Amino acid sequence: LVEREPSQHRRWWLFERVLPLVSHPPDPQPALRPNICSVFMPGFSAARAQAARYTGPDPVTVLDRADNDRVLYRATAACAPRLLHNVLPQPEVHDIDHIRTPLDLLWNPTAVVSLAIKRIQNAALRMSGAANAHMVLTRVNIGGRVDQDDCRRAIERGAAEARRSGRHLVVMGCSRGAATMLSTVL
């Protein structure tokens, strides 16, 4: 380890922790468990692609809110551990919009900042397939009725799939998603 002055050390601490993950993926992944299906609820300002951070090499399929048969994108993260198995396809959360043209950025200046943050996060985790998405501040609610309704529909679809296939259902949420999962299930 190279000795640095204290001011230099503070500046580089993040890169020293992130770069090993990027250059060396996690140790061999546990085998995909066919007896489990999972439902995931993302955190604040995150799209459903956030689930790819927990699925190892397996893709996460995100559906269109308006047409649940149309696939919006499939996201993967190259340096993610496999903590979730067989994440079921789900529609995008209600407070996330996708950028279809550069004009979309002109109408919403907060989208530029949100998109820049997402791009940096995706690059750090070597995510691919994630859509250009941003949070719409006027639609945000944290564990409120709209979030709970989205979560309830996802859990109902997951429970139906688990019963149909004889698998176990795992529900997981991050941050706001965890609060939403808990308030929905209880």
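User: Which strand gives the most to the lining of the largest cavity?

Analyst: Rolling a probe the size of a water molecule over the atoms shows where empty space is left. Here strand 2 (residues 60–63) gives the most to the lining of the largest cavity, with three residues; strands (E, at least two residues) and helices (H or I, at least four) are DSSP runs, numbered from the N terminus. This is a predicted model, in which local features need pLDDT of at least 70 and side-chain atom pairs count only at pLDDT 80 or more, while totals for chains, interfaces and linings use all residues. Residues are numbered from 1 along each chain as its sequence is written, and side-chain values use heavy atoms, with hydrogens and water left out.

User: What lines the largest cavity, and how much space lies in it?

Analyst: A cavity is a set of points, on a 1 Å grid over the protein atoms alone, where a 1.4 Å probe fits but cannot get out, and lining residues have an atom within 4 Å of a point. Grid points are joined across faces, edges and corners, and the volume is the space filled by probe spheres set on the points. The count comes to one cavity of 30 Å³ or more, and about 40 Å³ of space lies in the largest cavity, which is lined by R48, A51, V60, T61, V62, V87, L88 and Q90.

User: How should I read strand 1: is it enclosed or open?

Analyst: In a regular strand the side chains alternate between the two faces of the sheet. In strand 1, I36, S38 and F40 point one way and C37, V39 and M41 the other. Six of the six residues of strand 1 (residues 36–41) are buried, so this strand is largely enclosed by the rest of the structure; buried means under 20% relative accessible area, exposed over 50% and partly exposed in between, with a 1.4 Å probe and protein chains only.

User: Which strands pair, and in which sense, parallel or antiparallel?

Analyst: Strands of a sheet pair through backbone hydrogen bonds, either parallel or antiparallel. Strand 1 and strand 8 (residues 168–173) pair in the parallel sense over six bridges, where pairing requires that DSSP finds at least two bridges between two strands, and F40 stands opposite M172 in strand 8. An open sheet of four strands, with mixed pairing, has the order 4-2-3-6. Its edge strands, each pairing on one side only, are strand 4 (90–91) and strand 6 (127–128). Strand 3 (residues 71–77) pairs with strand 6 in the antiparallel sense over two bridges, with A77 opposite M127.

Methods: 1 Å grid on protein atoms, 1.4 Å probe; cavity = no way out; pocket = protein on both sides within 12 Å on 5 of 7 lines; lining within 4 Å.
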